[in-house]
Amino acid sequence: MSFNTLGLTDAIVRAVTEAGYTAPTPIQAQAIPAVIKGGDLLAGAQTGTGKTAGFTLPVLHRLSTDKVGAALTNKTSKRAIRALVLAPTRELAAQVEENIRTYAKYTNLNSAVIFGGVGIHPQIKLLANGVDILVATPGRLLDHVGQGTVKLDKVEILVLDEADRMLDMGFIHDIKKVLAVLPPKRQNLLFSATFSDEIKALADKLLDNPALIEVARRNSTVEVIAQTIHPVDRDKKHPMLAHLIKTNDWKQVLVFTRTKHGANKLVEQLAKDGIGAMAIHGNKSQSARTKALAEFKDGSLTALIATDIAARGIDIDQLPHVVNYDLPNVPEDYVHRIGRTGRAGATGEAVSLVCVDEHQMLKDIEKLIKQTLPREVIPGFEPDPTAKAQPIQLRSGAPGHTGRGGRPGGNGGGRAHGGGNGAGNGGGKPRSAAGTPSGGRSGSPAGNGGGGRGGQPGNRGGNGGGGNGGRPQNRGPRPASARSGSGER
Ligand code: AMP
């Protein structure tokens, strides 16, 4: 199947072809015709499936072919926000908008992204200039609504991207407030990787007789990803990682650590080995995160060290290597982590460095994915068979932990203000330059500087990492997405 057969305009097909995509992914093949038809959509798809183009392309199609779109072409109409995309994190919002810009290249439509953690004034200017498609995190969007600096009365299409993450992060009230100011008659598209009862309730309220599309079973790990466990002693993880990077000549590796402190420490250790690495996590400023991501994306940085929350939404084409330096304490995060590689049909490799403390975590992961992962001992790094398990520290700065209780980083419920805010916009079209990524790299998330809020601990509104809460013999309260039951949809 080709993009030509899906009913998209030539301008859109041309941009997609230039982006190098020859065939639609399964979610695209199903979602594009459904959205073009005009009805609501409920789509079950994780990042890596091509879901962003799955909604972006038909939204562009609709907006450029309807009456208002035609008036825009003739420049007889002022721009108004006709499509609104809500996303949980600033990184995801920036990436979605970047995608829109790529695909809108040969249309007359423009786009902008707003998220928190950066100045609001450039965003106000940007919005005043006229925007067709707005991508936003809920918190900053509401700030603009409150100040009267954004008009949403012409919204025809609403997209909730990664709706499960938004709910996990405590955004439900913000979403409801946004819904209250949108025109009641509109097309609604809801994308979610998982379907908790909360998501179902939201979908029931929001969607009218939606088309249902589901790709990739929940919690199934992508088959093209080679997954290996390297058993190793707790204190040999760092030399093992350096060894793997050097002997395999890995050029671009995303490494997950459990804590922010662990990420920082690993950056220092790798630097001593001559391996370029930077950390991204909630304590880093937005500008530091943007810089690290940009250097990693353009290939000048070998290793990006990330915590789960910071890594959410990072979309890097065909990332070849993901390393679980520490196993995640929530098994579902394993699936999300390794979904960073092997995207949209590319092959990838995910390796996990597992010490004796993490054997239960590994068991939980294997149970979830219904696979026993192959173990491979690396010569020179044979683990000590007599080593005893020690409690795992789940949070930076927290005392040793028995591996029970709260999630790392969860610091009470409520609105996590997860996405920061920031202005951003694409070039090429008559748009304001406000918030253009510094240095003008098109690949970097928009927004500049800022206070590093958002994406902070508190994502998912978890209840407390302090060791209380959570179920005994288990590693803490699950995110809502994990509570929904059977593990299969
Ligand atoms: P997403 O699931 O939207 O995060 O998409 C993940 C990545 O898949 C994107 O960054 C693209 O690089 C890639 N992708 C999207 N659509 C296609 C396609 N039709 N063919 C190949 N790769 C694609």
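**Ground rules.** I number residues from 1 along each chain as its sequence is written. As this is a predicted model, local features need pLDDT of at least 70 and side-chain atom pairs count only at pLDDT 80 or more, while totals for chains, interfaces and linings use all residues.

**Helix pair.** I looked up helix 3 (residues 51–65) and helix 5 (residues 90–104), and found their axes 10 Å apart at an angle of about 45 degrees. Helices (H or I, at least four residues) and strands (E, at least two) are DSSP runs, numbered from the N terminus. Axes are lines fitted to C-alpha atoms, for helices over the stretch in contact, and angles run from 0 to 180 degrees between N-to-C directions. That angle makes helix 3 oblique to helix 5; oblique is what remains after under 35 degrees (roughly parallel), over 145 (roughly antiparallel) and 65 to 115 (roughly perpendicular).

Next I traced an open sheet of six strands, paired in parallel in the order 8-13-12-9-11-10. Strands pair if DSSP finds at least two bridges between them. I noted strand 8 (225–231) and strand 10 (277–280) as the edges, each pairing on one side only. Strand 12 (residues 321–324) and strand 13 (residues 348–354) run parallel and share four bridges. In that pair, Val 322 stands opposite Ala 350 in strand 13.

**Helix on the sheet.** Helix 15 (residues 331–338) packs on the sheet, and I see it touching strand 8, strand 9, strand 12 and strand 13. Touching needs C-beta atoms, placed from the backbone, within 7 Å. The direction of helix 15 makes about 155 degrees with that of strand 12.

How values were computed
Contact = placed C-beta atoms within 7 Å.
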